[in-house]
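Dear colleague,

Please find below the structure that I am handing over to you, together with its sequence. My findings follow directly after it.

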Amino acid sequence: MASDRSASTRADDLTVSRSRRTPVQLASLLVGATFLLVGVLGFVPGITTGVGDMTFAGHESGAHLLGVFHVSVLHNLLHLLFGVAGIALARTAALAKAFLLVGGVAYLGLFVYGLVVAETSGANFVPVNRADDWLHLGLGLGMVGLALLMPGRLSHGTAVGRSGRTAGGNAQ
């Protein structure tokens with residue numbers, strides 16, 4: 001019977017350790033969920049002004065999320081796709097870190113792009129405005145910071161199962 005209980009304890013510990021997410025995975029989930037929410041809100045009248053003036057792409061779109069951030073159908077779809085990617089890549093710590101790092105660098109690139117391209121230029125197809133530019137800088141720095149600073153694994157004391165033992169097998 002002792003071996004049955006030991007096997008059960010190991011199974012409980014394994015289940016707990018598999019269900020626990022590392023800090024970097026949680027960050028990826030949070031960033032992804034936030035982008036999903038922003039993508040949806042970009043289509044909601046009242047939260048987005050000028051929804052009736054929204055174009056698929058281009059600086060001619062008259063829609064502004066929260067009355068500030070220039071959006072279009074394409075811009076909102078990109079937020080939705082980025083959100084799905086963040087959630088999907090949160091499956092492992094390595095993928096979550098890659099999402100945050102690559103996504104952060106991409107947003108830093110968008111910040112530079114927004115500074116270089118005139119708001120009324122045909123090249124401003126996403127579209128972006130100065131508020132978007134500063135938001136992209138903050139997102140880029142934040143995501144890179146999360147990728148570099150968030151731990152990619154759990155410490156032994158963080159995953160405690162019903163048996164009172166940690167996922168690492170040490171008694172509490």
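**Helix packing and a loop residue**

In this predicted model, the axes of helix H4 (residues 93-116) and helix H5 (residues 130-149) come within 7 Å and cross at roughly 155°. H4 is therefore roughly antiparallel to H5, since angles over 145 degrees count as such. The crossing in which H4 passes H5 is left-handed. Sorted by class, the residues in the contact of H4 with H5 are 18 nonpolar, five polar and three charged.

On the H2 side, the contact residues include Ser28, Gly32, Phe35 and Gly39; on the H3 side, they include Asn76, His79, Phe82 and Gly86. By class, the contact of H2 with H3 has 10 nonpolar and seven polar residues, and no charged residues.

I would also draw your attention to Asn124, which lies in the loop between H4 and H5. Is Asn124 buried or exposed? With a relative accessible area of 1%, Asn124 is buried, because the cut-off for a buried residue is under 20%. The side chain of Asn124 reaches the backbone oxygen of Glu119 at 2.9 Å. Leaving aside residues up to four places away in sequence, Asn124 touches Gly58, His59, Tyr113, Val117, Ala118 and Glu119.

With kind regards

Note on methods: Residues numbered from 1 in each chain as written. Predicted model: local features only at pLDDT ≥ 70, side-chain atom pairs only at ≥ 80, totals over all residues. Heavy atoms only, no water. Axes fitted to C-alpha atoms, helices over the stretch in contact; angles between N-to-C directions. Helix = DSSP H or I, 4+ residues; strand = E, 2+ residues; numbered from the N terminus. Parallel < 35°, antiparallel > 145°, perpendicular 65-115°, else oblique. Left-handed = near helix turned anticlockwise from the far one by under 90°. Nonpolar A, V, L, I, M, F, W, Y, C, P; charged D, E, K, R; others polar. Contact = heavy atoms within 4.5 Å. Buried < 20%, exposed > 50% of the residue type's maximum accessible area, 1.4 Å probe, protein only. Polar contact = N/O pair within 3.5 Å; in protein donor to acceptor, adjacent residues only side chain to side chain.
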